Amino acid sequence: MVFRKPPDGGWGWVIVVVSFFAQFLCYGSPLAVGVLYLEWLDAFGEGKGKTAWVGSLANGIGLLASPVCSICVSSFGARPVAIFSGFMVAGGLMMSSFAPNIYFLYVSYGIVVGLGCGLLYTATVTITCQYFDKRRGLALGLISTGSSVGLFIYAALQRELIELYGLDGCLLIVGALSLNILACGSLMRPLESSSSPPPEKMFVDKVPDQYFVYHEKEKTIEENISILEKGYTDEKCVNNVPDCKQDSILNKNVLSSININEKDTYKKKVVEQTNFCKQLAKRKWQLYLTYWKDTMVLFKNKVFSALFVAILLFDIGGFPPSLLMEDVARSANISEDDYYMPLISIIGIMTTVGKLVLGILADFKWVNTLYLYVTTLIMTGVALFAIPFAKSYLTLAMLSGILGFLTGNWSIFPYVTTKTVGIEKLTHAYGILMFFAGLGNSLGPPIVGWFYDWTQEYNTAFYFSGFCVLLGGFLLLLAALPCWNACTNQSSRLPPNTYSYKVASNA
């Protein structure tokens, strides 16, 4: 598929709007799962670590399956994948309303909804990057705010729906709202070149020449056989009986020779088809080998290698507050009368602000997006260390706002990935990085919950979370320092397909 130059506008703004609403409808409930988390704790009576798996799977399984999601988007396009994800998210939410135990929720809410979210996220990011180049940071920031606005609204919406219709009714209504993703996905028109050849012609051009040679030979042999049969049949009607006997004998000899030719033709056909299948299998195997070679080449880039470690540690430590902050406040014995706004809603609205601000900053030429991303990691680690010292609603609200703003660095992460590996390898590299992000999302909340079940307090858990985020930030900072390029001259040693992130240049 050949793409035109990104228009940086036009229908691209329609893509931004529908991607915003698609992420709003898709991620609203999974990101605001902290409200449902408290209800599930009371309904099923399981431990905090065990119950936290539901929300962590919903937010992590889609990222774990990012390589598969990337392959789906590359194979089928963003529009079909987005529409299919709408069915998955809506179906998973509605199924969850009939959950008899926590294990059923692992599948319906954790896996089905999570996988649908992963497919939609990959589709929206990929098609937005195709439509925008100079304004890519702004476009990614705008669409990523959809999930943050969804977190802000769904936190209050789900709480209100639970009070009015109960937990089951809340999930049914939220699932019905998610069906609007189908309308959003239908507007994601692919950006294709009008001069690209049709798929049928492209497929025919890839068929080996030997296959066409075989068809020509087979056609010639069949024509010769039909001519011989017709000629000998006509002679039977004209000649007398004795001649017919001789002709019949001759005809049998000719037909026997024709049968031999047919057998030879069949053998040739089997040989040619076998060769064709072997060449096709060889070509597929070469594609798989190329995929893994490209993956190994990506990891030879030290910035990319540090990036996957940083995103893994960031999600292990940075994701739990958005899921567990409400329970942190309840464990600190904060009165409900002091609640002016749910802490999850504060995280959501500040994440929206953070995504917009960081996305706009990424478009400035004087801003290095990699250093900007590292700064958000280090500040997130410091904020996590401060959570155990917060004993009032006001301090928890302030920390929630800071963490929400810094979590907005998700809007610049695709931008950093693009600058690191290039737009040509964005889908490949982004799928790998999202796999490790999903691993962190899946492990983070259960680890924090297990720490609480073990120590009966959250202090140790958030010290561990802050350490993980700080470690990832400092490792990425060390890998991005210009002195490494000066000492090793890595740019000249890397294979030609490797895209090195030049920190000294403007990102």
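Begin by selecting helix α13, where the buried residues are P320, P321, S322, L323, L324, M325, E326, D327, V328 and A329; buried means under 20% relative accessible area, exposed over 50%, and partly exposed in between, with a 1.4 Å probe and protein chains only. The model is a predicted one, in which local features need pLDDT of at least 70 and side-chain atom pairs count only at pLDDT 80 or more, while totals for chains, interfaces and linings use all residues. Residues are numbered from 1 along each chain as its sequence is written, and side-chain values use heavy atoms, with hydrogens and water left out.

Staying with α13 (residues 320-331), 10 of its 12 residues are buried, so this helix is largely enclosed by the rest of the structure. Just after α13, select N333, which takes a positive phi of about 60 degrees.

Now zoom out to the whole protein chain, which has 21 helices and 0 strands; helices (H or I, at least four residues) and strands (E, at least two) are DSSP runs, numbered from the N terminus. Of the 507 residues in the chain, 50% are buried.

Next, select helix α2 (residues 33-44) together with helix α6 (residues 102-131), which pack at an angle of about 155 degrees with their axes 11 Å apart. The axes are lines fitted to C-alpha atoms, for helices over the stretch in contact, and angles run from 0 to 180 degrees between N-to-C directions. The two helices α2 and α6 are therefore roughly antiparallel to each other, a term for angles over 145 degrees. To see where they meet, show V33, L36, W40 and F44 in α2 against I102, L105 and Y109 in α6, a contact being heavy atoms within 4.5 Å.

Move along α6 to T122, which is buried, with a relative accessible area of 6%. Leaving aside residues up to four places away in sequence, T122 touches C69, S70 and V73.

Finally, turn to the surface and select L164, Y165, I173 and L177, which form a nonpolar patch with about 380 Å² of accessible area together. Such a patch is made of residues with over 30% relative accessible area and no salt bridge, nonpolar side chains (Val, Leu, Ile, Met, Phe, Trp, Tyr) being joined within 5 Å and like charges within 9 Å; a salt bridge is a side-chain nitrogen of Lys or Arg within 4 Å of a carboxyl oxygen of Asp or Glu.

How values were computed. Areas by Shrake-Rupley, 256 points an atom, 1.4 Å probe, with all protein chains shown as cover. Parallel < 35°, antiparallel > 145°, perpendicular 65-115°, else oblique.
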